[in-house]
Amino acid sequence: MKRHPLLCLVLALLSPHAPAAVHTVSAGQSILAAVKQSAPGDTVRVMPGTYVETVYIDRDNITLQGVMVGGERPVLDGRNTLKDGILVAGDGVTVEHFLIRNYTANGLNLQGVNNFVVRHNIVQDTGIYAINPELSRNGLVAYNRISGVWDAAIYCGECMDVDILYNEAFGSVMGIESQTSQNVLIEGNYVHDNATGIAAFLIPGVSRKTTGNTVIRNNFVVHNNRANFAPPDSMPGLVPEGVGIAIAGYDEVTLEGNQINGNQSAGILLVDQATAFGSNFALDPAQDPTVNSARIYSNMLFGNGGEPLGLVAAYLADSGLPRGPDILDADPTSAGNCIYSKEAWFAVGVDHWSLCAQPTATAVASMRLAAPIAPRTWSDDQLGRNTWVAVCSACHNENGYLIGPPVARIQQDFVGAPEALAAWIAAPTRMNADFPPMPPQDYLPEKTRLAVARHVLGLQPKAAANTPPTAGSNVDESGN
Ligand code: HEC
């Protein structure tokens with residue numbers, strides 16, 4: 001049926017949303033400028049070329065799409081000076097088909113974001129994390145190729161309802177980490193040549209206190225024997241070397257159908273929080289430090305433990321065993337764990353485990369939700385706090401000198417003047433000769449700058465505390 005043009009016009013005027021627009025960005029133009037002109041529902045298409053910028057997406061339902069032409073895709077290049085490649089703070093955002101490289105903090109960071117999709121990207125040498133949804137829910141990270149970071153290439157920090165599927169993660173301290181999360185499916189990934197391949201860690205001091213329902217299935221976890229190159233005093237500096245899959249303090253992890261081989265300390269390692277982190281970090285009294293309800297169904301474990309290192313070597317020195325095991329439970333207080341067979345592999349520390357009654361986890365198809373999570377409402381306070389954590393805290397903190405001056409100095413210069421502070425960060429002039437210049441934060445909308453300005457002026461400088469440096473882990477999502 002053909003509609004009368006006038007009817008179409010009337011229908012368009014009646015419809016509550018303008019039709020989605022497509023914005024095209026070509027080499028030499030700014031991706032961020034196009035994002036700033038887009039409205040919820042729009043697509044920003046980026047042609048091949050090299051873009052040296054940080055793209056901040058603060059609005060909902062934007063698709064940021066690289067266009068592949070003749071085998072070339074768009075490159076976001078931080079030239080080893082910019083901090084983040086893409087920062088997502090809007091719900092329902094899709095990012096696909098980019099090459100993101102040479103940033104110093106994160107490749108693609110999603111803070112407190114719901115209903116996200118990150119797929120078919122290549123992310124290389126982006127500092128701490130490559131793809132890191134944090135305090136984010138209901139998302140997909142799939143078909144990405146990621147390498148060269150000193151924490152986790154894919155880092156799901158305090159996430160819920162996330163699928164991590166068919167990625168290649170290599171050349172990092174960890175390939176994939178589920179940190180203090182719930183409802184996570186890690187399936188079909190190729191994870192190789194990291195210090196630890198896949199990690200499920202309950203981290204002390206973060207806002208979530210529990211973990212659970214995490215399925216690690218049908219992954220290839222091979223030759224994770226890289227020397228740990230994170231700063232030794234940082235939390236990732238404690239990640240063991242030569243381990244296929246490491247579980248620390250995290251509950252309800254199910255392992256099935258994984259090919260785990262050639263990891264020279266151990267194939268699967270289970271430890272309590274104190275053994276994993278206790279040497280450098282205070283434990284969290286609100287968290288249960290032991291591993292509970294792990295299920296190890298059938299996996300292919302072969303050729304692990306040939307040359308144990310670090311934590312596993314220390315454990316073996318006490319036990320007198322000749323080589324590292326396929327499976328090591330180094331936590332005698334772990335409880336409620338089950339295993340498919342105690343004889344199929346070289347398994348140590350599993351005497352107190354039961355045999356699994358149910359043989360498979362295949363009933364779990366996805367951890368994502370059937371319908372998107374409803375739009376959130378953040379108060380100005382939450383917006384200010386979350387922007388501080390996501391953007392500013394990588395360079396400023398309450399008690400000392402990072403890349404920029406400490407909070408106390410900012411408070412002194414802008415006392416009672418949040419508007420002036422909000423204006424200054426959009427176009428910084430030189431203030432402190434003993435620091436480098438600050439990159440303009442003009443991509444942040446005025447409302448956000450004002451909210452973060454008010455937040456900084458209200459911060460209480462605190463005494464140096466023994467808290468873990470997990471960037472971004474304190475975002476307040478209570479407005480979700
Ligand atoms: C990439 C690092 C970086 C980020 C991100 C960053 N800053 Fe800065 N900031 C600096 C540096 C470096 C200086 C010192 C520049 C100068 O004083 O000339 C500075 C200086 C400042 C000053 C002036 C200091 C003074 O003496 O009063 C304020 C205010 C400030 N930053 C606020 C912020 C806020 C708010 C954010 C987050 C929206 C932020 N900065 C994000 C690096 C950064």
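The paragraphs below turn to the nonpolar cores, the iron site, a helix and the disulfides.

This is a predicted model, in which local features need pLDDT of at least 70, side-chain atom pairs count only at pLDDT 80 or more, and totals for chains, interfaces and linings use all residues. Residues are numbered from 1 along each chain as its sequence is written, and side-chain values use heavy atoms, with hydrogens and water left out.

In soluble globular proteins, nonpolar side chains tend to be buried together. A nonpolar core here is a set of buried Ala, Val, Leu, Ile, Met, Phe, Trp, Tyr and Cys residues joined through side-chain atoms within 4.5 Å; buried means under 20% relative accessible area, exposed over 50%, and partly exposed in between (1.4 Å probe, protein chains only). The largest nonpolar core has 62 residues, and Ile31, Leu64 and Ile86 touch the most other members. Because domain 1 (20-127) and domain 2 (171-375) both give residues to this core, it lies between them; the domain bounds come from an automatic or database domain assignment. A second, separate core of 27 residues includes Phe201, Ala230, Leu269 and Phe277.

The iron atom of the ligand is coordinated by His396 (NE2) and Met438 (SD), at 2.0 to 2.1 Å. Donors are N, O and S atoms within 2.8 Å of the metal (3.2 Å for Na, K and Ca); water is not among the atoms, so sites may look incomplete. Histidine 396 is buried, at 10% relative accessible area, whereas methionine 438 is partly exposed, at 25%.

Helices (H or I, at least four residues) and strands (E, at least two) are DSSP runs, numbered from the N terminus. Eight of the 11 residues of H5 are buried, so the helix is largely enclosed by the rest of the structure. Those buried residues pack against strand S10 (106-111), H6 and H8, where contact means heavy atoms within 4.5 Å.

The whole structure holds two disulfides, each a pair of cysteine sulfur atoms within 2.5 Å. Cysteine 156 is bonded to cysteine 159, with the sulfur atoms 2.4 Å apart; the torsion about this S-S bond is about -120°, so the disulfide is left-handed. Cysteine 338 is joined to cysteine 356, S to S 2.1 Å, and here the torsion is about 95°, so the disulfide is right-handed.
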